[in-house]
Amino acid sequence: PNLQRQGTMTIDPSSAVVGDSAELLPWPSSAWAWETPASWNWWVELFQLLAIAVATAYFSLSGRDLGLHKKYLMEKDSLDDSKASNEHRNYGSVAATQGASSENGETTEMELPIVLRPPLGVAGIEQDKSTAYLDSIRVFLTFNVVLYHVTSVFGDRGLAGPNINIYVSKDLSEVKPEADVPNIIVRSMFVWGFANPLIQVNQSYFMALFFFISGFLTPASLDRKGTHAFLSGRCMRLGIPALAAFFLLNPTLWFFITSQIFGQPFLYGARNTWWVNGPSWFLAWLLTFTIIYCLIPGPPLQINAPSVGSLLGLGAALGVLHVFTMDIDFLNIPYGLWYFCTYVVFFAGGAIAKRNDWLCYFTSLPSNIVRFMQVLAVVLAITICIFPPTSGLRARQGLCFLKGIFCVVMSLVVIHFFHKFFNCQGARLKFLSDTSYAVYLIHPWILVLVVWSFVGIAQFLGVKTKQATAPHNGFAFFYEAGDGFLCLGWTYSLTLTMLVVWPLASGLRRLPGLSQIL
């Protein structure tokens, strides 16, 4: 839910500190600020979800092709023919059938368009016909998503939405009503030296790279299927899971945490639980970007691959934008407007990269440039890690600027690394690639159950516990413990979540009706 009071929590001050069991605390409605329908965010989110529902119903039930795809393909063919004689810009029509990774992990055939010559000074680049490394990157990013959420549960800010968060305090008597969570938890080495840096680095780039890969895979699938068939598949794969998550799965998880774990009353629709945000925000926006891309008329853009200097300039521009938008929330996008703008740039960049074969250039950079980018990524990551979250305004602005550059640099480094070392698909990678989408969808449920089991083990062992409700940070358990407790909980939760969610996701994909969606 979009909550107006963020970073505060509510504790029953009369509750006793308990050992093997935690007292169920009331959830006073006065502690929550209602998001009224007058909020423009509320109405825009509602409009987006209704548009997704209408698009999903239309493209799933209608058999009529929109015709836009054929029109711009004809224009593209005409444009390509007119430029085929320009030797400086084009180096021939490369038509090849190759194994390409679609977003559902299946291997498909596709035809490569005319490729633009890379920038001057980069010679001898041969076209790489394998895109298995993109599957490897998607698996890596899915692991990162689960890792990010597990780490956030044990971090100082917790994980927003329907979740259970774990905090540690030296003295539970310090936990007061309406207290700011970061000011009452232990400043542990685990939180400040590991959890927060990992969260800061990951959130700077990994979802943007997800959008880039999705944008890159879109044009080939669109060309092969046509607009209607392509959008029908996208609405089935993205629209149905997004709507189910927003209106059913996430509210049900919120109900489970509220009533079953914390024993509090839950009324669907109250406190903005008509729909509940979660990882499904990515599905909604990816489908939105995809539909907009498909409906844009005209031929594809013909743009030469940008140089490394241009990419660094793009990163600097994104950094400047981040400085001016760092505190601006935007709809259901985690962390606000800057991330939304970055996702738009990366999705569009992925589609343009596919049309103009940019990855052929990016993955064939000279070794000295690659080493420079790798060193720069490490330096930026270390710098981001050492910035404390409670820094002043100037330090926060500097951090935002560096994140813009790091987002671009790290994405390029990851693409090059996986192209070099993981550009082959065996049985194991195929399993992980095919299952990664289902893992992304169901892992919040698994994470909650795993963390709940850890809470039960801690209570059984007699660790002093206090329960809380935190409007921005979900529900929380406070423990009188230290670094070792947090490390143990994080290791237990991450390991068990990974061991459970991948086989379970693979099994769900085999169920009738879900095999076409997951």
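Aspartate 135 is buried in this predicted model, with a relative accessible area of 1%. Its partner is arginine 138, with which aspartate 135 forms a salt bridge whose closest N and O atoms are 2.9 Å apart. Arginine 138 is buried too, at a relative accessible area of 7%. Both residues belong to helix H3, which spans residues 132-153. Because aspartate 135 and arginine 138 are three residues apart in that helix, about one helical turn separates them. Side chains of opposite charge can pair when their charged atoms come close.

A second salt bridge joins the side chains of arginine 355 and aspartate 223, with an N to O distance of 2.5 Å. Here the pair links distant parts of the chain, as the two residues are 132 apart. Arginine 355 sits in helix H9 (residues 337-356), while aspartate 223 lies in helix H5 (residues 206-225). Aspartate 223, at 28% relative accessibility, counts as partly exposed.

The side chains of aspartate 327 and arginine 396 meet in a salt bridge, at 2.7 Å from N to O. Aspartate 327 has a relative accessibility of 53%, so it counts as exposed, the cut-off being over 50%. Arginine 396 is partly exposed, with a relative accessible area of 28%.

A search of the complete structure finds four salt bridges, among them the pair formed by aspartate 135 and arginine 138. The protein chain holds 14 helices and five strands. Of its 518 residues, 57% count as buried. As for the contacts between residues at least 6 apart in sequence, 83% join residues at least 24 apart. Finally, the protein chain exposes about 21900 Å², and carbon and sulfur atoms supply 65% of that area.

How values were computed. Residues numbered from 1 in each chain as written. Predicted model: local features only at pLDDT ≥ 70, side-chain atom pairs only at ≥ 80, totals over all residues. Heavy atoms only, no water. Helix = DSSP H or I, 4+ residues; strand = E, 2+ residues; numbered from the N terminus. Buried < 20%, exposed > 50% of the residue type's maximum accessible area, 1.4 Å probe, protein only. Contact = heavy atoms within 4.5 Å. Areas by Shrake-Rupley, 256 points an atom, 1.4 Å probe, with all protein chains shown as cover.
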